[in-house]
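Hi,

Here is the structure I promised to pass on.

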Amino acid sequence: MTTVTSLTRSLREAAAQALTSGEAAVVIGYELNDGEAAAPAFVRAPEDAERLIFDESCFGNLAVYLAKEEVRRLGKLAIVVKGCDLRAINVLLRENVVSRDDLLLIGVRCSGVGRPALRKCSFCEVRDPEGCDTVVGDPPEPPPTDPGKRYAEIEAIEELSMEERWAYWQKQLGKCIRCYACRQVCPLCYCKRCIVEKSTPQWVETSPHLRGNIAWNIARGLHLTGRCVSCGECERVCPMKIPLGSLGDKMAKLVDEWYGFRSGMSADEKAPFTAWSPDDPEPGIL
Amino acid sequence: MSSYKQASEDASGWQPRIVAFLCNWCSYAGADLAGVSRFEYPTNVRIIRVPCSGRVDPMFVLKSFERGADMVLVSGCHPGDCHYTTGNYHARRKLLALREMMSFLGIDPRRFKMSWVSAAEGSKWSAVIRQITDEARSLGPFESFPTFTLQEVKK
């Protein structure tokens, strides 16, 4: 049992305070777990706030619970958010999935999660979550971050020839067993009925062969274009270790370069696929 | 009359299959005008009329490839001329994202084409089809999509 950090202590205080005052009926946070990842915790009584922790094992993105009906039924929600999780919540707010009035955001100043630190932490720009109701933790002493490296992984793939890329993705996507863990963990994949479950017509072949796998991953990638906040959860939970994050990153890079758009940086933004400009680039259109 | 067809006939008899999604208001009328004006163009193109290029979901394109299309074309009104004001702007963002995704995965992006053809551009329509049919012919059969099999997963 590790000693309780001052960050965890102030987090527990903020959670207990929210529950005592009635500002929230439940606090969604992290608690100790046997595995490497902290478990999600749903705290409904002030005395239970002692269960909450925050340390580098808290890398899951809790925003995924906000769109779930069974969670919304619990009452007004308070949620513990890192800056990166807040980006996903901003997308949910922008898409009117949740209302800001129904949410109490307990921000945590985070100096990187994961052992070793996650890749996304090495170029984090949102260590200090902005726009939360309360923020706990000392201003972080961030390890040097390099936003220029944000797209380094996919740039390496882009440099390959087309045949090499095809060989690479055939190998990667061929591994997919269509468990849809990527979809379940994604805070932004909240459709009540996913396109892959629609059968008249059957847009995506459901058996795990390459043709269906390609269609599924393209469909998912495009549904997340301009929405994905690169939280990396899909890649983390993939049992087949498919580098799914790079599909999201590729589309994030595209909307960044073409439309100057970065998803989740604020709740007021207009998504690239709901907006347009007469001057949009159109390379290759005849 | 049949000069174009003779010149483009492949030795093996293989002909590219091109699926074209045309917006009702511009490109479909443009293709109609090409016919009425008796402009010649290859018969490799299968036209599917849609209300607007913005109606074309990327899944339509993928499905066409899965079912054996060698090339897919989406054609709509010129920017600024959409019957529904902005449908083609949305199509442009959405479908170019698909093409970029295809390219990233190593699926030849030259298999997917977009064009702006107005109702007055019968000659442009026939030129576009001549151009992309020639390109489809030189690219050869698009085997990646239809030939995915379970065997590839087993290894």
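To begin with burial: what percentage of the 286 residues of chain A count as buried? The figure is 41%, where a residue is buried if 20 or more other C-beta atoms lie within 10 Å of its own, exposed if 12 or fewer, and partly exposed in between, with C-beta atoms placed from the backbone.

A word on conventions before the rest. This is a predicted model, in which local features need pLDDT of at least 70 and side-chain atom pairs count only at pLDDT 80 or more, while totals for chains, interfaces and linings use all residues. Residues are numbered from 1 along each chain as its sequence is written, and chains are lettered from A and ligands numbered from 1 in the order in which they are written.

Chain A

Chain A has nine helices and six strands; helices (H or I, at least four residues) and strands (E, at least two) are DSSP runs, numbered from the N terminus. Its radius of gyration is 20 Å, close to the 19 Å that the globule rule gives for 286 residues, so chain A is as compact as a globular protein of that length. That radius is taken over C-alpha atoms, and the rule is 2.2 Å times the number of residues to the power 0.38. The C-alpha trace of chain A spans about 60 × 45 × 45 Å along its principal axes.

Between them, 15 residues of domain 1 are in contact with 14 residues of domain 2, contact meaning that the C-beta atoms of two residues, placed from the backbone, lie within 7 Å. The side of domain 1 that touches domain 2 is made of ten nonpolar, two polar and three charged residues. Here Ala, Val, Leu, Ile, Met, Phe, Trp, Tyr, Cys and Pro count as nonpolar, Asp, Glu, Lys and Arg as charged, and the others, Gly among them, as polar.

One loop residue to look at is Ala117(A), between β5 (103-108) and β6 (134-136) of chain A. Ala117(A) counts as partly exposed because it has 15 C-beta neighbours inside 10 Å. Leaving out residues up to four places away in sequence, Ala117(A) touches Gly112(A) and Ser122(A).

Chain B

Chain B has six helices and four strands, running α-β-α-β-α-β-α-β-α-α from the N terminus on. Of its 155 residues, 50% are buried. Among contacts in chain B between residues at least 6 apart in sequence, 81% join residues at least 24 apart.

Helix α5 (residues 122-139) of chain B has 18 residues and reaches 26 Å from its first C-alpha to its last, close to the 26 Å expected at 1.5 Å a residue; that expected span is 1.5 Å times one less than the number of residues. The buried residues of α5(B) include Trp125(B), Val128(B), Ile129(B) and Ile132(B). Packing against the buried residues of α5(B) are β1 (18-23), α2 (27-36), β2 (45-50), β3 (71-76) and β4 (112-116) of chain B. Just after α5(B), Gly140(B) has a positive phi of about 85 degrees.

Where the chains meet

Across the interface, 32 residues of chain A are in contact with 34 residues of chain B. On the chain A side, the elements giving two or more residues are α4 (152-158), α5 (162-174), α7 (210-223) and α9 (245-259). The largest share, eight residues, comes from α5(A). By class, that side of chain A has 20 nonpolar, five polar and seven charged residues.

Best wishes
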